[in-house]
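These are my notebook entries on a single structure. I record what I looked up, entry by entry.

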Amino acid sequence: MRITTWAEYGLICALHLARRGETGPVTGRDVAARERLPGDYVEQILLRMRRAGIVNSTRGARGGYALARKPEEISVRDVIQASELTTFDLHCVSHPVDAGRCSEAENCSIRPVWMLLQRRIDEVLEGVKLSDLLDDESVVRDRVGVPHFASPAIPGGLPILQP
């Protein structure tokens, strides 16, 4: 699985709206400017999230976007699926190696592994709500069960996760 800019920007936009709470709608341009994201992407992502029922839009001088539901009712999976239109791309379906070899009528021992991976990824993403992401990183790490970074062994090197 690869997290695309569509998915990441979608989550950033949704979190921005969640942090605003009930302060009223905000324009896509304002979200883009405050989050330092490309305006065209943000507008398209917010439109996709509106179609998926994650955000509401209001027209007019004081119009804009706001979450359609409470942050605890919106999962990371909801946002990624709306932004990216999928959470995990099964290549046997979208980009088959060979039409005959990858058809469902053919016996493929690899396909069940990809299907299991898709299910597990969706379960993890469904289990994390926007409300879970409103705290600092250390709190979110504890909440989702991801260890904190150890100090890099090599200056400028990538951080290593502690066991």
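**Entry 1: a salt bridge.** I looked up Arg77 and found that it forms a salt bridge with Glu126, with 3.9 Å between the closest N and O atoms. This pair links distant parts of the chain, since Arg77 lies in helix 4 and Glu126 in helix 6, 49 residues apart. I note that the model is predicted.

Entry 2: Within it, I looked up the salt bridge between the side chains of Lys129 and Glu126, which is 3.5 Å from N to O. For the whole structure I noted seven salt bridges.

Entry 3: Lys129 is assigned to the partly exposed residues because its relative accessibility is 22%; the cut-off for buried is under 20%.

**Entry 4: the buried side of helix 4.** I looked up which residues of helix 4 (residues 76-84) are buried. They are Val76, Val79, Ile80, Ala82 and Ser83. They cover an arc of only 165° around the axis, and therefore lie on the same side of helix 4. Their cover includes helix 1 (5-20), helix 3 (39-51) and helix 6. After helix 4 comes Leu85, which has a positive phi, near 75°.

**Entry 5: a surface patch.** I turned to the surface and found a nonpolar patch formed by Ile110, Val113, Trp114 and Leu117. Together these residues have about 340 Å² of accessible area. I placed Val113 in helix 6 (residues 111-127). Val113 counts as partly exposed because its relative accessibility is 47%.

**Entry 6: helix 7.** I looked up Glu137 and found a salt bridge with Arg141, the closest N and O atoms being 2.9 Å apart. Glu137 and Arg141 are four residues apart in helix 7, so about one helical turn separates them. Arg141 counts as buried because its relative accessibility is 10%.

Ser138 is also found in helix 7 (residues 137-144). At 38% relative accessibility, Ser138 is counted as partly exposed. I also noted that the C-alpha atoms of Ser138 and His148 are 7.2 Å apart, while the two residues are ten residues apart along the chain.

Conventions. Residues numbered from 1 in each chain as written. Predicted model: local features only at pLDDT ≥ 70, side-chain atom pairs only at ≥ 80, totals over all residues. Heavy atoms only, no water. Helix = DSSP H or I, 4+ residues; strand = E, 2+ residues; numbered from the N terminus. Buried < 20%, exposed > 50% of the residue type's maximum accessible area, 1.4 Å probe, protein only. Patch = residues over 30% accessible without salt bridge, like charges linked within 9 Å, V, L, I, M, F, W, Y side chains within 5 Å. Areas by Shrake-Rupley, 256 points an atom, 1.4 Å probe, with all protein chains shown as cover. Salt bridge = Lys/Arg side-chain N within 4 Å of Asp/Glu carboxyl O. Arc of directions from axis to C-beta. Contact = heavy atoms within 4.5 Å.
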